[in-house]
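Biologist: Got the structure open. Can you walk me through it, starting with a strand pair?

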Amino acid sequence: MAPHPISEPVVKKDHDLKMSGRALYAADHYPEGLLFAAALRSPHARARILKVTPPELPPGHIYADHRDIPGPNEIPIVNCDTPVLAVDAVQYVGEPILVMAGPDERAVRKLLSRVRVDYEVLEPELDVKTAGTTYCDYNFGRGDVDKAMAEADKTYDEEFETFYQEQAYIEPQGLVVRWEEGKIIARGSMQCPYYVHEALVHAFALPEDKVRVVQDVTGGGFGGKEDFPSNLACLAALCAMKAGGRPVGLFLGRAEDMECSTKRHPSVSRYRAAVKNGRLTALDIDVVFNAGAYTTLTGVVLLRGVASCVGVYKVDNLRVRGRGVKTNTVPCGAYRGFGAPQTVFAVEMFMGHIAGDLGLDPLDFKIAHLAAQGDLTSTSGRYHHPVPLPAMIEDAVKNSGYREKRELCKRQDGRLRRGVGLSLWFHGAGFAGTGERDFIKARVRLVKSADGRVEALASNTDIGQGLKTTFAKIVAHELGIPLDRVTACSPDTDRCPNSGPTVASRSIMTVGELFRRAAVKLREGWADGVEQVFEDDYVQPDYIIPYDYDRCRGDAYATYSWAACVVELEVDLLTGVHRVLGVWGCFDAGTPVDRTILTGQMEGGLLQGIGYSSMEQMKYDRAGRIRNKTFSDYLIPTAMDVPLIKVTLHVEKFPEGPYGAKGAGELPLPGVPAAYLSALEQAMGGIPVRHAPFSAEETLAAVMEAGK
Amino acid sequence: MVSGLHPRRLNEALAAMADPGVIALAGGTDLMVGETETERRFLYLHNVREMRGLRETPDHLVVGAATTFTEVLESPLAPPLLKEAVSGVASPAVRNAGTVGGNVANGSPKADSALVLMVVDAVLLIASARGERLLPVADFYLGGKKVDLASDELIVEIRLPKSRLAPHYYCKVGGRRALAISRLSFAGLFRQERGRIRHLAAAFGAVTDVIFRDRCLESMLVGLEIPEAKKLRQDFLAAYGAALVPTSGRVSKEYRRSVALNLLGDFLTVFGV
């Protein structure tokens, strides 16, 4: 099958701007009269606030606390339990209590250090296993798990744990907000301008047209700038409200950003299985995500977690429980994969462990249980479209030499030991359930000027993933005009329709298709020499089995993207240090809208997955504090840590996506830890791994204990 | 912040150092990480002729204190052990600016080049306007990042005795493959003549508050024939196990001890003991 012409790579629209260093990020704009805002944040994981005594305010400085908020003291993120500023209690280390602003950032911070807060410190809840508050509790399944367990030849029971992962975008969070004639104008680093818009409208009790949000060039998001910019925008807007028209900038330093912004949810998953005649007959899964102090996105992150918890396998008897539990820690949020990496890790390791116990290669056992088109998903929706995994597995196995290496690694000695591991996974493409139809109602607009140039207007942001380029490519291709005649704008809520948030790998698949259809309308109605406007709105495909949120039943996703990944690594038995030798990934995200951009996304996600498997260690201590909040303590892979990465693209076209494209951005990450840590298990001579990341120190302790 | 003094000769630099308001900067890659808001003036040492480059004397290899890591890597005079350790320092940009003298003066037990200087028994030439003195690098470290360097003194050069440049063993354990502070590092030297151990040195970085070296333990095996040394191997390792009391930090002390003893054992194995 010949590749689609749209896949042909182009120079990215923002290439020159960024490569020349001329791109201006949120903190690069120094508007006239800029004031710097900073928040006073809680040093305690749980405390009552007894009294706040601010210092005397020098002239030109601003002080604001919860009493200044004109509307409800709430940030709407699915629910409204997150306060803009703490009132009489703090729930996590880093929770904002008040905010101050002034012309000199250092002076503002000094002033903040002179605020006296009297606390009654309380015992924080830090352990998900004993914590008392459950934010969400999903229960679903099918068949008869208890009967399958009773009739099994053998049953298995294992617990898997994962820890934080920090998004580590290179540009810390930041915004500039000003009030102009009763209107808030906020601009900065963000993924979802309409989320920020909604938050400001809510907390400042303003009509929608009295808030304007503009995205600046954004230096990476990975989910970390999905909901959190709403918090910062409200803090900056509070100061701006008192600043007499002067702009107020709120820019987090790295340590503050790492301490108080969202991260990937830590998880504990218990997996039980029944096996009869060498086949998996039942899975009983209990997943617990550590939500942190407020609900934020936990409900939807966990939904993806449980929707992915069976992996790519077919199982007739299934029981799933998923809980999001409150602890007195920083609220967790979105990070590439959004709940799937935790459960994909668990199910892939578990399948490998069962296979090992049965004396089978993990791959053979996995292949024997692969789901196919028409089979039921975990939530008893359907895989409506073909499942291309068999061909993708063949590709990944051939490119990596998985089977030969797996065999060779069974017999080895000496200081350096090798291992090879493989994992399979899907990524549910787009927003969960019927959210696109019921909540988002995406709309895009094409504006054709009289001279025949076309501007594509939507609220989806280019955060490095190339959206300005790929949106423009779709429109230019459909219109049959040169790419340089089409521009995709930086979102501005005053100009751009709400096409939904930049999340869930939905931008190309869902919004890109709206642009394609709008472009069809424009092409058919094209009139030279006049300005024309065409819009298109989301329509849910007919085949979808509506998702029942209460029963967790139906199509959690419109379709699925697929992945097969092999990791080969080497372990130094004297130091426990791992060295990745190669990563081979075969990905199906449908038709690439740009082969170079898509391959870059896959490589970057693989590397984040490698970090999540090994060096990206972050936990909180017994006081609920995150101690490593700099890049010298929280290590992410450097260029020197990039192994041989070989990405191949499989194309299973999605009929509802533009030219067959489907969700891509999150696809490369979720299964990497399982491939990596399976390889580590083999290198360690079969020692089982049940948590991620797994450090060099843990590796050495494991091999020394086993006497290898 | 960029204001400062740029001497070209050592006597100018030493004269400047007499002013307590002056702070020596030899690369600045550690200095700049800390508080940069200082009233003190920086004394940039990278142009001081007497402090630059590598040269040989009959008995020593001399490394100017303001010699950058990149210059060490590119020098035909630098011994392989020093090059190996220096090649693992941070990143190319940091290696272009960072200097051997700065690495020593910083006082960190994690300094990659200082580990080499310790294991080869390097001697520091330290000078001030008051005069100069020679100090074995081992005596320079006073513990807890304190060093034997008066406020008006500069390390001018580092002398590596050629007689100590024996076949080596080296390993650095970092959290990743670049831009990684050592979690533990080890350098060993071993020379035998006709089956008899003539020289043995073992230094451990990032394990205690100063680079660890114990000449008394080393001497357990020196002078022995290989088969005799083999018999003492377990006792030797056990003695180090007792003497090494690691600190915990980014990794636990148990991990540091295990890795240290594993590498020491492998060092012996590699050299046939």
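This is a predicted model: local features need pLDDT of at least 70, side-chain atom pairs count only at pLDDT 80 or more; totals for chains, interfaces and linings use all residues.

Biologist: What actually holds strands together in a sheet?

Modeller: Backbone hydrogen bonds, in either parallel or antiparallel pairing.

Biologist: How many strands are in the sheet, and in what order?

Modeller: The sheet has 4 strands, in the order β18-β23-β24-β25 of chain A. It is open, and the pairing is mixed.

Biologist: Which are the edge strands?

Modeller: β18 (416-429) and β25 (644-649) of chain A. Each of them pairs on one side only.

Biologist: And how many degrees of twist from one strand to the next?

Modeller: The average is 15 degrees.

Biologist: Which helix packs on that sheet and touches β18?

Modeller: Helix α10 of chain A, residues 389-400. Its contacts are with β18, β23, β24 and β25 of chain A. Its direction is about 25 degrees from that of β23(A).

Biologist: What about α15, which strands does that one lie across?

Modeller: β23, β24 and β25 of chain A. Helix α15 covers residues 595-613 and runs at about 130 degrees to β25(A).

Biologist: Let's zoom out. How many helices and strands does chain A have?

Modeller: 17 helices and 26 strands.

Biologist: Does its radius of gyration agree or disagree with a compact globule?

Modeller: It agrees, because a compact globule of 708 residues would come out near 27 Å and chain A has 25 Å. The C-alpha trace spans about 75 × 70 × 50 Å along the principal axes of chain A.

Biologist: What share of the residues in chain A is buried?

Modeller: 63% of the 708. The chain exposes about 25,500 Å², and 51% of that comes from carbon and sulfur atoms.

Biologist: And the contacts, what share join residues at least 24 apart?

Modeller: 82%, among chain A contacts between residues at least 6 apart in sequence.

Biologist: Switching to chain B. What do β6 and β7 form there?

Modeller: A hairpin, with 2 residues between β6(B) and β7(B). The strands cover residues 123-128 and 131-136 of chain B. They pair in the antiparallel sense over 6 bridges.

Biologist: Which residue is the bridge partner of B:S128?

Modeller: B:G131, in β7(B).

Definitions and conventions. Residues are numbered from 1 along each chain as its sequence is written. Chains are lettered from A and ligands numbered from 1 in the order in which they are written. Side-chain values use heavy atoms; hydrogens and water are left out. Two strands pair if DSSP finds at least two bridges between them. Axes are lines fitted to C-alpha atoms, for helices over the stretch in contact, and angles run from 0 to 180 degrees between N-to-C directions. Contact means heavy atoms within 4.5 Å. The radius of gyration is taken over C-alpha atoms; the globule rule is 2.2 Å times the number of residues to the power 0.38. Buried means under 20% relative accessible area, exposed over 50%, partly exposed in between (1.4 Å probe, protein chains only). Accessible areas come from the Shrake-Rupley method with a 1.4 Å probe; for residues, only the protein chains shown count as cover.
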